[in-house]
Each structure stands twice: as structure tokens, then as C-alpha cells.
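Have a look at the structure first, then go through the points.

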Amino acid sequence: MADYAKEVLVETQWVEEHLDDDSIRIVEVDENPALYAEAHIPGSIGFDWKTDLQDQVKRDFLGADDFGELMGSRGISNDHTVVLYGDRNNWFAAYTYWYFKYYGHDQVLLMNGPREKWIAENRPTSTDAPSYDSASFKAAGPDDDIRAKREEVYDKLDTDTRLVDVRSPQEYSGELIAMAGYEQEGAQRAGHIPGAASVPWAQAVNEDGTFKSADELRELYKEKGVLNGNDVIAYCRIGERSAHTWFVLHELLGHDNVKNYDGSWTEWGNLVNVPIEKDV
């Protein structure tokens, strides 16, 4: 498909053809969790990214045991192929894909196009939440080859590692401290990590939310100096948009040495002894 490095995307038609396939679990993760109750792909499991997938005490995601327990409780086992989708160009679906990979589950796919595309194509929807028998899911890893923490990011400043800031140009420049509408999740300081290239995450998709071709994606990131053979660390505000960029670079383009810094600007912009740059 479009000469991607890995077979990690499935089309909406493929998903519809596999609605009754018990070896597959379809999972919806939306930026707006209320959408799932309004309409979702029949049989799909809905996760609330904030209350289900995040630690409720500290700013981090679930540990391996809690992740495995959550998946098993919703009927997802290690033997299932998980197909992910969501709203807004699949940003939280891509984040959850990265999350599954972090805990060693390789049987995971992303629907090529968000829930909006499914609905626009008049494909079947349901308002009923499925009730699957509980299953056994044991998380492996974690795979720290795909996750960067702040100490590593700091150590990579002024090295050959390419940092890519996937937020809006206004957040990158320092004009905005948080994305419009998300002011409550801003940091103390505005700007970007020194040396980071600005490549807003949604430039990787077409108008309908499907991914651009491999050639188009390669050109986009090469033009910005991101794909020059060096290691790459992507970041955004809370790690979900940068997981989407990680998916593009690591999975679709096959660039092995890519990490998602999920602490992102909400962490970096609140640290005291780290440098920032502004363009305003």
C-alpha cells in the first residue's frame, strides 16, 4: 500500500469485512471520548485516553501490569490482532498503537482514516458497547527503544540526533503556550526545544485523514532535515501528536531509530534548568 515499509494500515473496507472475525479486536480511542457513545464501529471497544489509559495519580501512562489487566478485562488477549481508530486524524489511535508496541504487542494495526471517514462512507455503526469475556493479556517489555525520557532528550541537545516538534507553528514559535482550546494544559514557558525542526503532525495526512504516500511523506521530512539518517526524537504537548509522527517515521517509512518523547512540552516547558528557544 503506497509503498510503506510495514503492513500496519488497513482500509475501512477491510475493517468492515472483518467485523465478525473473533481473532480481531477493534478499538476506538478518541480525543473526545463522548463520541464513542454516539456511534462507533459495531463490536469496537472504547477506551477513554484520560481515565483508562493514563495513571490517575502521576503524569504517566499505565505500568505493564495495569495495562495487561485493562486489556484482559475488556476482552483483549495476546492472541488478538488489535485494530485501532479514532477521531481527528487518528491522533489518539496512533498514540495507543505506540503504547501497544511499547508493551510488546506486535499484532496491532491502524485504520487508514479516522472515524469521520468511516461515518462519511455510510458504513455500519452501533451505540451498543460490546461485552467480551475477560481474557489474559500479559504486557512484555517495555520497549525503551521507542520512548525517550527527558534526560535522554537533554543529553541529545547539540548532537546529531534530530528533534522534531510536531505542534502547531504558533506553539513552536512561542506565540501560543498551548494549542488553542487546551490552555489548561499549557506549560510555564513557551517556545521549543533548541534545534528542533517544526513539522506539524497533520501534514502527514490527506484531507480525509488517510496517510499521504510514502514518497510524499519522505519528501516532507527530508525537506525539514529530519530524515538524514540520524536518530530522531519527536515531541508535541502531551505525546499523542508526536506518537502519530512516530508512527509515520518508524512504521510507514521504516526509520528504525525514532523515539516518542511523551513527556513533551508539558514537561519540558515546566522544567527549570533546560534551554528553550523562541521565534517571537
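**Notes on the sheet**

1. Five strands make an open sheet, ordered S1-S5-S4-S2-S3, with parallel pairing. Strands here are DSSP E runs of at least two residues, helices are H or I runs of at least four, both numbered from the N terminus, and two strands pair if DSSP finds at least two bridges between them. Strand S1 (9–10) and strand S3 (45–48) sit at the edges with a single partner strand each, so one side of each has no neighbour in the sheet.

2. Before going on: this is a predicted model, where local features need pLDDT of at least 70 and side-chain atom pairs count only at pLDDT 80 or more, while totals for chains, interfaces and linings use all residues. Residues are numbered from 1 along each chain as its sequence is written, and side-chain values use heavy atoms, leaving out hydrogens and water.

3. S2 and S3 run parallel, joined by four bridges; glutamate 28 is opposite glycine 46 in S3. Helix H4 packs on the sheet and touches S2, S4 and S5 (contact: heavy atoms within 4.5 Å).

4. S4 pairs in parallel with strand S2 (residues 24–30) over five bridges, and isoleucine 26 has valine 83 in S4 as its bridge partner. S4 also pairs in parallel with strand S5 (residues 108–111), over three bridges, and valine 82 is opposite valine 108 in S5.

Note on methods:
Axes fitted to C-alpha atoms, helices over the stretch in contact; angles between N-to-C directions.
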